[in-house]
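I opened my notebook to look up a few things in one structure.

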Amino acid sequence: MLDLSKLRRRLVSTTAAATFVLATALSGAAQAGEFDGVTIKFAKAPHGADEIALMEEWLAPFKAATGMEIEHTVIPWGELEALYSANFAGSDVYDVTYQTSTHLNLFGARGAFSDLHDHFNAADYADERARFPDNIVNPSYYGDELYGIPAVIGTIVMYVNLDMLDAAGLSIPTNNEELMATAKALQNPPEVWGFNSPSTVKDYGWYWFYNMIHNYGGDMVSDDMETATFDSPAVRSALQFAVDLRCSGDDAIQPPLGQYDREAALSLFKAGKLAMMVEEPSRVIPLEAEGLPFKWTIVQPVGAAGGKQTQFSTTGYYAVAAKSKEQEAAWALTKYLVGTEFATKFNNHYGFVGTRDDVDSSGGNKLLQDNFEWAMTTWDGLLPHPKIAQMLDEFGKALEAVTTCDVSIDEQVAETQDRMEKILARK
């Protein structure tokens, strides 16, 4: 993600009176000095090179108000699973950690995290709980257990060259059938293409296509997370759409697989040679700063004709270790991390969408404000199954295989379903 703002404020209390005021404003996280002498170990993979300094700044008001000391440890993304596994197996654990939906319930199902359902739904947290839309909270559960509080969602959007559409007298498409027709009318391959959405393993193709499974009314795993549902009408329809984009001969609206990676497609869009593309909203501010020589906008990714139109991304959570000896202090810190004050600073800096309806990370940008509203109403995220990361790998491989245009969808679906069933069956 790219930074949306370099503006940061240092909020450090300097008097006992200021400390008390801060304590009463921390979304009910704690009373002034309640955790004097308590040290909480906090671990997180970084979203930027400057995150150590930023965390010190952003946590300063909470530390000053509550008396809590926080030891912040940076966990490299590439070593995350191994380092967390080793830590959680020991006795001196990280009390609070940042987890994504690919790992939250992997560790939670092993007993690493406390179930936060009762805390999250307690009467004294009701006003805060009401700020979290159910469409973001509900997919976070594993069975009846809530191992982390959702804090960050990414979202995907579709960038549109408005000048190209206006010149052809066309409207922005809202479903896949409209997209195929509109892109076909606009393009002149191989110089100018109608659409691009990454579908290679290298470019995490599953990330950009997962929403279509939801749009067709299905998922990759059953709601109870017990059964692989890859061999289903929803998944087949999503894969067929991906194939149609690239493999329809003269009607194909997307370049052949491998011709343009994600960054090259972005360059094609900036050059006015790509009408529409699926990307992250973090591109908005840099593209506005570049001053592209044509009018453009962002809209929600297209939906399924006769189905839904949703946004998608993975989710970031804050979790409390089951072995933590400071459960109440760890929960107090977690409440602050997902509270309005911290979440606003964090999401404004990194360009994420927050999981609360009172955390607008748009920075006043109209396009990003629109995206925030879409996320609050149509976001449909990843079911955080303990083995979802392995299943996503299989989905990514299947998507890349069928979009080579040389592999049968039927055969690929059957093979992938078999591998996913074996993944779920492993203990």
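Before sorting any residues, I wrote down the classes: Ala, Val, Leu, Ile, Met, Phe, Trp, Tyr, Cys and Pro count as nonpolar, Asp, Glu, Lys and Arg as charged, and the others, Gly among them, as polar. I also noted that this is a predicted model.

**Entry 1: the largest pocket**

I looked up the space in the largest pocket and found about 1,000 Å³. Its lining has 35 residues. Closest to the centre of the pocket are W77, Y204, W206, Y207 and T314. I then sorted the lining by class: 15 residues are nonpolar, 13 are polar and seven are charged.

Which elements give two or more residues to this lining? I listed β3 (96-100), β4 (149-153), α10 (205-215), β9 (315-320) and α17 (388-402). The largest share comes from α17, with five residues.

**Entry 2: strand β4**

I went on to β4, one of the elements in that list. Is β4 largely enclosed or open? I found that five of its five residues are buried, so β4 is largely enclosed by the rest of the structure. For this step, buried means under 20% relative accessible area.

Next I checked the partners of β4. Four bridges join β4 to β9, and the two run antiparallel. Strand β10 (residues 353-354) is also joined to β4, by two bridges, and this pair is antiparallel too. I picked V152 to follow across. In β9, its bridge partner is G316. In β10, V152 stands opposite G354.

A reminder to myself: strands of a sheet pair through backbone hydrogen bonds, either parallel or antiparallel.

**Entry 3: an open sheet**

I then turned to a sheet of four strands. In what order do the strands lie? I read β6-β7-β5-β8, an open sheet with mixed pairing. The edge strands are β6 (193-196) and β8 (296-299), and each pairs on one side only. From one strand to the next, the twist averages 15 degrees.

I took one pair inside this order for a closer look. Strand β5 (residues 157-161) and strand β7 (residues 274-279) run antiparallel, joined by four bridges. What is the bridge partner of V160 in β7? I found M276.

Last, I looked for a helix on this sheet. Helix α12 (residues 262-270) packs on it and touches β5, β6, β7 and β8. The direction of α12 makes about 140 degrees with that of β7.

Methods: Residues are numbered from 1 along each chain as its sequence is written. This is a predicted model: local features need pLDDT of at least 70, side-chain atom pairs count only at pLDDT 80 or more; totals for chains, interfaces and linings use all residues. Side-chain values use heavy atoms; hydrogens and water are left out. On a 1 Å grid over the protein atoms alone, a cavity is a set of points where a 1.4 Å probe fits but cannot get out, and a pocket is an open set with protein on both sides within 12 Å along at least five of seven lines; lining residues have an atom within 4 Å of a point. Grid points are joined across faces, edges and corners, and a volume is the space filled by probe spheres set on the points. Two strands pair if DSSP finds at least two bridges between them. Axes are lines fitted to C-alpha atoms, for helices over the stretch in contact, and angles run from 0 to 180 degrees between N-to-C directions. Contact means heavy atoms within 4.5 Å. Buried means under 20% relative accessible area, exposed over 50%, partly exposed in between (1.4 Å probe, protein chains only).
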